[in-house]
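Subject: Structure handover

Hello,

Here is the structure I promised to pass on. Please open it first, then read the notes below.

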Amino acid sequence: MTYDPDNIFARILRGEIPCHKVYEDETTLAFMDVMPQVDGHTLVIPKAPSRNLLDADPAVLGPLMANVQKIARAARQAFGAEGVLVKQFNEPAAGQTVFHLHIHVLPRKTGEDIRPHAGKMADHGLLAQHAGMIRAALES
Ligand code: 5GP
């Protein structure tokens, strides 16, 4: 399995495709999932290229997971959630559809429905608003 440098998240990292950015540092980018399963569904990706967890450099994982924790805390606060679902798929057999390592962060409320994975495109105004809410929580 090889890394395709033209995958959609690599193109977002290069600025060729826009995203609703939540957070960025030297190792990591976080942005809204365009087909969110819940409001606040955020993707956290390393800037270093790998298809998924299986071929990632272990050195990438520490900073990535520290940022996943940061985004999870902020998303929980921003959406008044009781919990946070963190998930990650490796290869098509496991449900992966975009082949640049990414971690899904979903703020969760008890009893709230979860929409289908990679289902319906959200309104961009709403995604921009949600990204702003998480950014504000990060800054608070
Ligand atoms: P995977 O199945 O690979 O774990 O999930 C890929 C995720 O990327 C899906 O949840 C899907 O909604 C999201 N996605 C697909 N294309 C785009 C895109 O162009 N921009 C953003 N922000 N998310 C995308």
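Ala-81 sits in the loop between H2 and E4. Helices (H or I, at least four residues) and strands (E, at least two) are DSSP runs, numbered from the N terminus. Ala-81 is buried, with a relative accessible area of 12%. Buried means under 20% relative accessible area; exposed is over 50%, and partly exposed lies in between (1.4 Å probe, protein chains only). Ala-81 touches Arg-76, Pro-107, Arg-108 and Lys-109, not counting residues up to four places away in sequence. A contact here means heavy atoms within 4.5 Å. Ala-81 and Ala-94 are 13 residues apart in sequence, and 27 Å apart in space, C-alpha to C-alpha.

**How to read the values**

This is a predicted model: local features need pLDDT of at least 70, side-chain atom pairs count only at pLDDT 80 or more, and totals for chains, interfaces and linings use all residues. Residues are numbered from 1 along each chain as its sequence is written, and side-chain values use heavy atoms, with hydrogens and water left out.

**His-100**

His-100 lies in the loop between strand E4 (83-87) and strand E5 (103-108). His-100 is buried, at a relative accessible area of 0%. Leaving aside neighbours within four places in sequence, its contacts include Tyr-3, Phe-9, Ile-45 and Arg-51. A polar atom of the His-100 side chain lies 2.8 Å from the backbone oxygen of Pro-46. For polar contacts, the rule is a pair of N or O atoms within 3.5 Å; within protein, one must be able to donate a hydrogen and the other to accept it, and residues adjacent in sequence count only if both atoms are side-chain atoms.

Asn-52 is in the loop between strand E3 (42-46) and helix H2 (58-79). Asn-52 is buried too, with a relative accessible area of 1%. Its side chain reaches the backbone nitrogen of Leu-54 at 2.9 Å. Beyond four places in sequence, Asn-52 touches Gln-88, Phe-89, Asn-90, Glu-91, Gln-96 and Leu-101.

His-130 belongs to helix H3 (residues 124-139). His-130 counts as buried at 6% relative accessibility. Not counting residues up to four places away in sequence, His-130 touches Met-32, Asp-39, Gly-40 and Phe-79.

**The aromatic pair**

How many aromatic pairs does a search of the whole structure find? The search finds 1. Phe-9 and Phe-31 form the pair, edge-to-face, at 5.4 Å centre to centre and 75° between the planes. Phe-9 lies in helix H1 (residues 8-13) and Phe-31 in strand E2 (residues 28-32), so the pair ties together parts that are 22 residues apart in sequence. Both Phe-9 and Phe-31 are buried. Rings of Phe, Tyr and Trp (its six-membered ring) pair if their centres lie within 6.5 Å; planes under 30 degrees apart count as stacked, over 60 as edge-to-face and the rest as tilted.

**Over to you**

Start with Ala-81, in the loop between H2 and E4. Then look at the pair of Phe-9 and Phe-31.

Best wishes
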